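Me: Could you walk me through this structure? I'd like to go piece by piece.

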Amino acid sequence: MRVFLAGHTGMVGSAVLRRLISDGGNDIITATRAELDLRDQTAVKAFIKVRRPDLIILAAAKVGGILANHKMPAAFIHDNLMIADNVIHAAHDADVQRIIQLGSSCIYPRDTPQPIAESALLTGPLEPTNEPYAIAKIAAIKLCEGYNRQYGRDYRSLMPTNLYGPGDNFHPQHAHVLPNLLDRFHRAAQSGDENVTIWGSGTPQREFLHVDDLADAIMFLSALPTTQYEAATSPMCSHLNVGTGKEISIMDLATMIARITGFQGQILTDTSKPDGTPRKRLDISALTALGWSARTGLRDGLSQTYAWYREQRAAGHRLRAS
Ligand SMILES: NC(=O)c1ccc[n+]([C@@H]2O[C@H](COP(=O)([O-])OP(=O)(O)OC[C@H]3O[C@@H](n4cnc5c(N)ncnc54)[C@H](OP(=O)(O)O)[C@@H]3O)[C@@H](O)[C@H]2O)c1
């Protein structure tokens, strides 16, 4: 298969690239942002027309935490709308029959019953802090549905839960909770600090998926015949959740990370800081019924990620911090 992997330098894209290489047998097409800015409609159209992939895996997006979303709402909606529209429309134009494109659990309403089923989409107001990003991601799902319904395309959307693993962002302000804790506990362990304070009460429950498991789900779903995928979804709800179905409290996560990093001190909470939503677990029954489930346990995944983090630091590599 000729596979165009868009966003191959990112956390998800590099996991998919590792997987495609280890599977072998595929003709893998990639382009850096300098070679192909996916916001450039003319360039994207020409690139896809010339390369003619059989499958596009769209892992490129403008991604960031609360602060970045707050500072750059225009960029978050504009870039993500352009990337999705350019790639999906150009794929259709070049007669590319299958796309796997990635969204995120932030597409769902802020206050929604748990676990969150795919059908919860557009049933209530979104979390305001990342609404522009979520709107662009919802538009991408609807673009796929439009081309599927109007032209019989097979454009699929996957909504992963919180991800972690090699290639994550460890920025002190911009990182997601798991890499942020890993970095902070590592530093505290190295300098023998007596305590580490975590934001909020530590009681919120979260779900975490190792990025290599997401790559596995992407490969599993990209090989699934159209009829089977369609039977698991519906024309008006063509996206699938990808998660582990397991939750952990932030305090338990912090305790696990403290052990892995060798931190011996106390874990304190700062209840003046917001907790966020108390639970956020995806309903993964549709994907489970198709026969896929995540393989990496959280403890093993964290140990592996921590080993990668230490290797990068030891080798003097700059950890991503955008
Ligand atoms: N990270 C998570 O926890 C998480 C959770 C759920 C879903 N997802 C979804 O997974 C997807 C990938 O996320 P990620 O965490 O892998 O993001 P990431 O690490 O920031 O990678 C994003 C990729 O997109 C590329 N890109 C961004 N803008 C581009 C443009 N204008 N033209 C060309 N390439 C561009 C980046 O290239 P550069 O290297 O040049 O910047 C990079 O390769 C996103 O759709 C996200 O919503 C992520």
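Me: Where does methionine 1 lie?
Reply: Methionine 1 lies in the segment before β1 (2–6), where helices (H or I, at least four residues) and strands (E, at least two) are DSSP runs numbered from the N terminus. Residues are numbered from 1 along each chain as its sequence is written. This is a predicted model, in which local features need pLDDT of at least 70 and side-chain atom pairs count only at pLDDT 80 or more, while totals for chains, interfaces and linings use all residues.

Me: Does methionine 1 count as buried, exposed or partly exposed, and why?
Reply: Methionine 1 counts as partly exposed because it has 13 C-beta neighbours inside 10 Å. With C-beta atoms placed from the backbone, a residue is buried if 20 or more other C-beta atoms lie within 10 Å of its own, exposed if 12 or fewer, and partly exposed in between.

Me: And what is methionine 1 in contact with, leaving aside neighbours within four places in sequence?
Reply: Methionine 1 is then in contact with Asn26, Asp54 and Leu55, a contact being two residues whose C-beta atoms, placed from the backbone, lie within 7 Å. The C-alpha atoms of methionine 1 and aspartate 27 are separated by 6.0 Å, although these residues are 26 residues apart along the chain.

Me: On to the ligand: which residues are closest?
Reply: The ligand is surrounded by 24 residues, and the closest are Gly7, Gly10, Val12, Arg33 and Ala60; a residue is near a molecule if its C-beta atom, placed from the backbone, lies within 6 Å of it. Two or more residues of this shell come from each of α1 (11–23), α4 (73–93) and β6 (162–164), and α1 gives the largest share, three residues.

Me: What about α1 itself, which of its residues are buried?
Reply: In α1 the buried residues are Met11, Val12, Gly13, Ala15, Val16, Leu17 and Leu20. Their cover includes β1, β2 (27–29), β3 (55–58), β4 (98–102), β6 and α7 (211–222). Just after α1, glycine 24 takes a positive phi of about 70 degrees.

Me: How many residues has the largest nonpolar core?
Reply: The largest nonpolar core has 79 residues, and among those with the most contacts inside it are Val16, Val87 and Leu214; such a core is a set of buried Ala, Val, Leu, Ile, Met, Phe, Trp, Tyr and Cys residues joined through C-beta atoms within 7 Å. The largest share of this core, eight residues, comes from α4. Not counting residues up to four places away in sequence, valine 87 touches Ala6, Leu38, Val44, Ile56 and Leu58.
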